[in-house]
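Reader: I would like to go through this model and ask how each label was reached. Please set the values against the cut-offs.

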Amino acid sequence: MVASLARPGGNVTGFSLLSVELTPKWLELVSELVPWAGVIALLVNPNNPQTEGVVRDVQEAARAKRVELPVLKAGVDSEIDAAFASLVQQQAGALVVQADAFFTSRREKLVALAARDGVPAIYALREFTAAGGLISYGSSLTATYRQAGIYAGRILEGAKPADLPVQQPTTFELVVNLKTANALGLTVPPSILARATEVIE
């Protein structure tokens, strides 16, 4: 979409959340939280153009951790229920949820299904953990929206988008929901609590 991050060119600029690059880290975090999980499922949206790269990167991380990685696909609401049914059948010990707008808009449903099935899950955004999810790690949407507002103001004042560098996140949030951990019978390791930017109790 852009010529380079520093000089986008054309009539576009924007912000990267680095979600694709962080996905293997989510597998590492959830396997640290649930070290006995020999099967960790990955929930992806097959309609997302980044999905193929996400699957490839997480498969590589799963091989390094020596865990099985069933890939579950959901691009419409009915497929979410089917994915969770498959998750239970495959006796997955944990779940990694791809960063995707479709999943973000259905975060309450995903969090409720993970709670119902007793599956520890990790998400991209704090908003999932605030809704009752177990753990999330990713860039701060609040910080990104604030910066987007600043950029919009600069463009309205006459700045050319081509001259505004594409911004990458500088603020990352590791959020843990201890109430959810307790409901799942999990003890959050001190190594994760020490790194957490927010702990919800």
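Author: Leaving aside neighbours within four places in sequence, E198 is in contact with R126, L174, V175 and V176. The model is a predicted one.

Reader: What makes these residues contacts of E198?

Author: A contact requires heavy atoms within 4.5 Å, and R126, L174, V175 and V176 are the residues in contact with E198 once its neighbours within four places are set aside. E198 itself belongs to strand β7, residues 198-200.

Reader: Why is E198 called partly exposed?

Author: Buried means under 20% relative accessible area and exposed means over 50%. E198 has 26% relative accessibility, so it counts as partly exposed.

Reader: How far is E198 from K73?

Author: Their C-alpha atoms are separated by 30 Å, and the two residues are 125 residues apart along the chain.

Reader: Why does K65 count as partly exposed?

Author: The value for K65 is 41% relative accessibility, which lies between the limits of 20% and 50%, so the label is partly exposed. K65 sits in helix α2. Apart from neighbours within four places in sequence, K65 has contacts with L27, E28 and S31. Between K65 and P35 there are 9.8 Å from C-alpha to C-alpha, with a sequence separation of 30 residues.

Reader: What makes R66 exposed?

Author: Exposed means over 50%; R66 has 76% relative accessibility and therefore counts as exposed. R66 lies in the loop between α2 (51-65) and β2 (71-73). Its phi is positive, about 60°, although R66 is not a glycine.

Reader: And why is Q91 called exposed?

Author: At 67% relative accessibility, Q91 is past the 50% limit, so it is exposed. Q91 is located in the loop between α3 (77-89) and β3 (94-97). Q91 is not a glycine either, and its phi is positive, near 50°.

Reader: How many aromatic pairs are counted?

Author: Ring centres within 6.5 Å make a pair, and the count by this rule is three aromatic pairs.

Reader: Why is the pair of F102 and F103 called tilted?

Author: The ring centres are 5.6 Å apart, within the 6.5 Å limit, so F102 and F103 form a pair.

Reader: What makes Y123 and F128 a stacked pair?

Author: The centre to centre distance is 4.6 Å, and the planes are 5° apart. Planes under 30 degrees apart count as stacked, so Y123 and F128 are stacked. Y123 and F128 are both buried.

Reader: How do you know that the radius of gyration agrees with a compact globule?

Author: For 201 residues the rule gives a radius near 17 Å, and the protein has 18 Å, which agrees. Along the principal axes, the C-alpha atoms fill a box of roughly 55 × 35 × 30 Å. The protein contains nine helices and seven strands.

Reader: What share of the residues is buried?

Author: Buried residues make up 47% of the 201. The accessible surface comes to about 10100 Å², with 52% of it belonging to carbon and sulfur atoms.

Definitions and conventions:
Residues are numbered from 1 along each chain as its sequence is written. This is a predicted model: local features need pLDDT of at least 70, side-chain atom pairs count only at pLDDT 80 or more; totals for chains, interfaces and linings use all residues. Side-chain values use heavy atoms; hydrogens and water are left out. Helices (H or I, at least four residues) and strands (E, at least two) are DSSP runs, numbered from the N terminus. The radius of gyration is taken over C-alpha atoms; the globule rule is 2.2 Å times the number of residues to the power 0.38. Buried means under 20% relative accessible area, exposed over 50%, partly exposed in between (1.4 Å probe, protein chains only). Accessible areas come from the Shrake-Rupley method with a 1.4 Å probe; for residues, only the protein chains shown count as cover. Rings of Phe, Tyr and Trp (its six-membered ring) pair if their centres lie within 6.5 Å; planes under 30 degrees apart count as stacked, over 60 as edge-to-face and the rest as tilted.
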